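Please look over the chain shown here.

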Amino acid sequence: MRQVETLIIGGGISGLATAWYLNQQGNEVELWESNSRTGGKIATHCNEGFTTEQAASMVLNFRPEVTQFLNKSGLNEHKILRTPTSKRYLIHNGKLQQLPMKMAGMVFSPLWSLSGKLRLFLEPFIFKGGGEHESIADFIRRRLGNEMLDKALGAYISGTLASDPELADSYSVLPHLTALEQRYGSFTAGIFVRKILNRKTASVAEGFSFQGGMTTLVQQLTQQLNDCIHTDYKVTKISVYKKGWIIKAKTASGETSCFAKNLILSTPAPVAAELIKPINHELHQLLADIQYASLSVVHLGFHRKQIKHPVSGTGFLTPFKEKLTLNGSMWIHSLFSQRTPKDHLLLSNYLGGSRHPESIDWSNEKKINVVTEELRHLLGITGNPVWARVDSHVQALPLYHGRYTVRQHAIQRQLASMSGLYCQANYLGGVSIRDRIIRAEQLATTIAHRNGSLYGARAEYG
Ligand SMILES: Cc1cc2nc3c(=O)[nH]c(=O)nc-3n(C[C@H](O)[C@H](O)[C@H](O)COP(=O)(O)OP(=O)(O)OC[C@H]3O[C@@H](n4cnc5c(N)ncnc54)[C@H](O)[C@@H]3O)c2cc1C
């Protein structure tokens, strides 16, 4: 039987980035992807002059590891920074309200009541509390008060992660903030200390996409990995054999199989759960019980003349308690140039998640109509969109709901008991592309140590 040192199942950004790091470190790696293209959720579509993203529309980075990855992979040359804009909006009592980005602006903002503003200043004086099982809602309410939850962080969690802040696990979703509290006693003290200590080493925070859209990220990695990637390989079975794994897949030319010393599962959790079921029931259950949010991205194109509002800025988010159907809207024409025909605007709108899970079953026509009517009211739109596209994801994002930190630890414990098996996907350690790249480097380093390749010697296997 054919042998390979490391086999990765799934060619989304999690699998691709891991394969790229392993390859760079001189490890033998192969990646099997069930689809005819790599990228998983990430894909860019160009139609009638409108360029849209099926899922991720940009990378938000503040980590040096990601900066290094972009430099080493040559992706930095293709990077396009988002247009700097200080304008962001929030829905407040059914209307668009500009979010203050500086403390001084907040003092005068009508978004917060006087008691809400005063509550923020108490943050450094609130004692450390909570614990591993605290929800985001409880965590933010405890440290910053109700208004900050309802009007800022809650909207971010439901708008960008499709999560319910009352159910989402604070330790898993906001690891940096919870760590600040645990380490320094308060956010304010933590930010102050870190600013002094880290000023020289931290990467500057930036949001970016690539020339040609997010698809360039996966295409460049795929090109560099070339022979290591097999598309149209749907893995149907994995089994333990000697000190490694036998993997079977359906391909266009029949069934294929191989032996791998290391096996990385980079598929969504339900697929990993099914593959692991005959081998480890406990791990199967931990993976199978992960809940997913469904999401639809409704892209609408308008002629500039059709919209009264200037529509310049990042877009808006909807706090969980507001009655709008939309989770939020990204104003793509304002963030990146050359995404629309001349004098046109492109709004990518997010529908579903924990707010309206039922909307995934609506027809595309209904999704477009509902979104258009809500935007009409908010932005002063006349007529109908001149162009539209809907991308629907039944299992869009894993929800880090419930005691998710405990679940992640339990998954890691089960994996540690099975030699050479790893899970590397967006249900462990963060859903963002930034987190996926960071985790990929960490896993590749672990495997390279196991293989001995970091020290120039390759271990025997088989
Ligand atoms: C609507 C939306 C908007 C988002 N916006 C952003 C954003 O702006 N910025 C950001 O950083 N993140 C964003 N994200 C999150 C980010 O895009 C995802 O978390 C990330 O792309 C997931 O990557 P992954 O590799 O873990 O999983 P996936 O992309 O799901 O990849 C899994 C792969 O496994 C393959 N596979 C499945 N079964 C098998 C099998 N049996 N055999 C072989 N292969 C198999 C699949 O075909 C797929 O290619 C967004 C997500 C969504 C849904």
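## Model and confidence

This is a predicted model, in which local features need pLDDT of at least 70, side-chain atom pairs count only at pLDDT 80 or more, and totals for chains, interfaces and linings use all residues. Residues are numbered from 1 along each chain as its sequence is written.

The protein averages a pLDDT of 91. That score is the predictor's confidence in each residue, from 0 to 100. At least 70 is reached by 95% of the residues. Residues 455-462 fall below 50, and this stretch has twelve contacts in the model beyond near neighbours in sequence. A contact means that the C-beta atoms of two residues, placed from the backbone, lie within 7 Å.

## Domains

The protein is divided into domain 1 (3-45 + 214-290 + 401-455), domain 2 (80-84 + 292-398) and domain 3 (102-198). These bounds come from an automatic or database domain assignment.

The centres of domain 1 and domain 3, taken over C-alpha atoms, are separated by 34 Å. Contacts link seven residues of domain 1 with ten residues of domain 3. On the domain 1 side, the touching residues are two nonpolar, four polar and one charged. Here Ala, Val, Leu, Ile, Met, Phe, Trp, Tyr, Cys and Pro count as nonpolar, Asp, Glu, Lys and Arg as charged, and the others, Gly among them, as polar.

## Strands around β13

Helices (H or I, at least four residues) and strands (E, at least two) are DSSP runs, numbered from the N terminus. Two strands pair if DSSP finds at least two bridges between them.

Strand β13 (residues 254-265) pairs with β1 (residues 3-9) in the parallel sense, over six bridges. Leu 7 stands opposite Leu 263 of β13. Strand β12 (residues 244-251) runs antiparallel to β13, and seven bridges join them. Ile 246 has Phe 259 in β13 as its bridge partner. A hairpin of two residues leads from β12 to β13.

β13 also pairs with β19 (residues 421-423), parallel and over three bridges.

## The three-strand sheet

An open sheet of three strands has the order β5-β9-β6, with antiparallel pairing. β5 (59-61) and β6 (79-81) stand at the edges with a single partner strand each, so one side of each is left without a neighbour in the sheet. Neighbouring strands are turned by 40 degrees against each other on average, direction ignored. Axes are lines fitted to C-alpha atoms, for helices over the stretch in contact, and angles run from 0 to 180 degrees between N-to-C directions.

β5 and β9 share three bridges. Asn 61 stands opposite Glu 206 in β9. Three bridges also connect β6 to β9 (residues 206-210). Ile 80 has Ser 209 in β9 as its bridge partner.

## Ligand shell

Which residues come nearest to the ligand? Of the 37 residues around the ligand, they are Gly 10, Gly 12, Ser 14, Gly 40 and Ala 56. A residue is near a molecule or strand if its C-beta atom, placed from the backbone, lies within 6 Å of it.

By class, the shell has 18 nonpolar, 14 polar and five charged residues. At least two residues each come from α1 (13-24), β11 (234-241), β14 (292-303), β18 (387-398) and α16 (433-451). Domain 1 and domain 2 each give at least three residues to the shell.
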